[in-house]
Amino acid sequence: MAGLELQDIRKRYGETEVIHGVDLSIPDGAFTVFVGPSGCGKSTLLRMVAGLEDISGGTMTIGERVVNDVEPADRGVAMVFQTYALYPHMTVGENMGFGLRMNGAPKAEIESRVQEASKILKLDPYLKRKPKALSGGQRQRVAIGRAIVRHPDVFLFDEPLSNLDAELRVAMRVEISRLHQELGTTMIYVTHDQVEAMTLADQIVVLRDGRIEQVGSPLELYDNPDNLFVAGFIGSPRMNFMAGTVESSDGGVRISLKDHDATVERPLSARPAPGTEVVIGVRPEQFAKGGAAELDLRVDVVEHLGSSSFIYAAPVSAGKSSATDEPPVIVESRDARGVKDGSTFRASFDPLDALLFDVASGNRLR
């Protein structure tokens, strides 16, 4: 096993730089997830770790070894791709052992490693089958098994579940999490799905436009995002953002909400000047009865999920209609069976739960 160190890693295509000086430490045995929107550079960064993309600048270390110029086969990494890339004419066992055969490993060693991996992945009954006789989840397990037999120092996963249906994705997330616990090997996983990131990772790396926005555990990023981008990206449903203006900041901050006849008052170490444009962030589950900050809302849509419901609503303010350019306010409710579309209700939250962000920079105000 091995950890990774990335120091000022850059990637250029001609004059265009797409990875901008990434610094990152991945501890030995950690499950790290690269997450971000399409085009943020997460797959490019993963391919640079694998050696499939050249490094334009900086230093990459795996274990104690600088690997900038090391061939992919010699880096001690194994990669699982989005597509299974299984050979249709080979059996499961042959697919899993193919890489070892190509490297000239003894037959007995190949069989031993394939048997070991098949037990871990519960593929024993399927070793003689060909890929066409397998389900999507079984094929993905074979692709993972092909990586396991190499006994790599680092596993790399490039959106491995994106071709699976929703139910199978949940099952495979559990399988991959269990695999990490059993093997204890360093794993790097790329996804655009923040639910996958939250459920799998020890450490999440949020990327945007080839730069790291924030690194931390899932709950650290959920509870304490550094900026608007991270706050909006981590969490499902998304965090509610409400535009406001600072009225005063003496001994605390008082903010008037633009689309609501409401103010929010709370202590704050920062002292934004009166008139400063800010954004207040509130998670859907933070709305509760009895909070000091209150919003009058009109229901647009209710999503009933069984144990809870999500109410999508617009502000109802004096002199204003419910139409607004702001996205809907999402309120999580444990008892919304009587809520009807078009009805009005009052939602409240504790101002201490709200996060404040500066509009100009997007950074958190603490």
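Predicted model: local features only at pLDDT ≥ 70, side-chain atom pairs only at ≥ 80, totals over all residues.
Two strands are counted as paired if DSSP finds at least two bridges between them.

Strand β3, residues 31–35, pairs with β9 in the parallel sense over four bridges, and Phe 34 has Val 205 of β9 as its bridge partner. Strand β9 itself spans residues 203–208 and is mostly covered, since five of its six residues are buried. In general, strands of a sheet pair through backbone hydrogen bonds, in either the parallel or the antiparallel sense.

The largest nonpolar core comprises 45 residues, and Met 96, Ile 144, Tyr 189 and Val 206 have the most contacts inside it. Helix α4, residues 136–148, gives the most to this core, contributing five residues. A second, separate core has 29 residues, including Ile 9, Cys 40, Leu 45 and Met 60.

Two helices that pack against α4 may be taken in turn. Helix α2, residues 92–102, crosses α4 at roughly 35°, and the two axes come within 7 Å. This crossing is right-handed. On the α2 side the contact is made by Val 92, Asn 95 and Met 96, and on the α4 side by Val 142, Gly 145 and Arg 146. When residues up to four places away in sequence are not counted, Met 96 touches Val 114, Ala 117, Ser 118, Leu 123, Leu 127, Val 142, Gly 145, Arg 146 and Val 149.

The other helix is α5, residues 166–183, which packs with α4 at an angle of about 20°, the axes lying 10 Å apart. Because angles under 35 degrees count as roughly parallel, that angle makes α4 roughly parallel to α5. The crossing of α4 and α5 is right-handed. From α4, the residues that take part are Gly 136, Gly 137, Gln 140, Arg 141, Ile 144 and Ile 148; they meet Leu 168, Met 172, Glu 175, Ile 176, Leu 179 and Leu 183 of α5.

Leaving aside neighbours within four places in sequence, His 180 is in contact with Gly 29, Ala 30, Phe 31, Thr 185, Met 187 and Asp 202. One of these contacts, Phe 31, belongs to strand β3, residues 31–35.

A further sheet remains to be described. Six strands form an open sheet in the order β13-β12-β11-β14-β19-β20, with antiparallel pairing. Its edge strands are β13 (263–266) and β20 (364–365), each of which pairs on one side only. Inside this order, strand β14, residues 277–282, is joined to strand β19, residues 355–358, by four bridges, and the two run antiparallel. Here Gly 281 stands opposite Leu 355 of β19.

Technical notes
Residues numbered from 1 in each chain as written. Heavy atoms only, no water. Core = buried A, V, L, I, M, F, W, Y, C linked by side-chain atoms within 4.5 Å. Buried < 20%, exposed > 50% of the residue type's maximum accessible area, 1.4 Å probe, protein only. Contact = heavy atoms within 4.5 Å. Axes fitted to C-alpha atoms, helices over the stretch in contact; angles between N-to-C directions. Parallel < 35°, antiparallel > 145°, perpendicular 65-115°, else oblique. Left-handed = near helix turned anticlockwise from the far one by under 90°.
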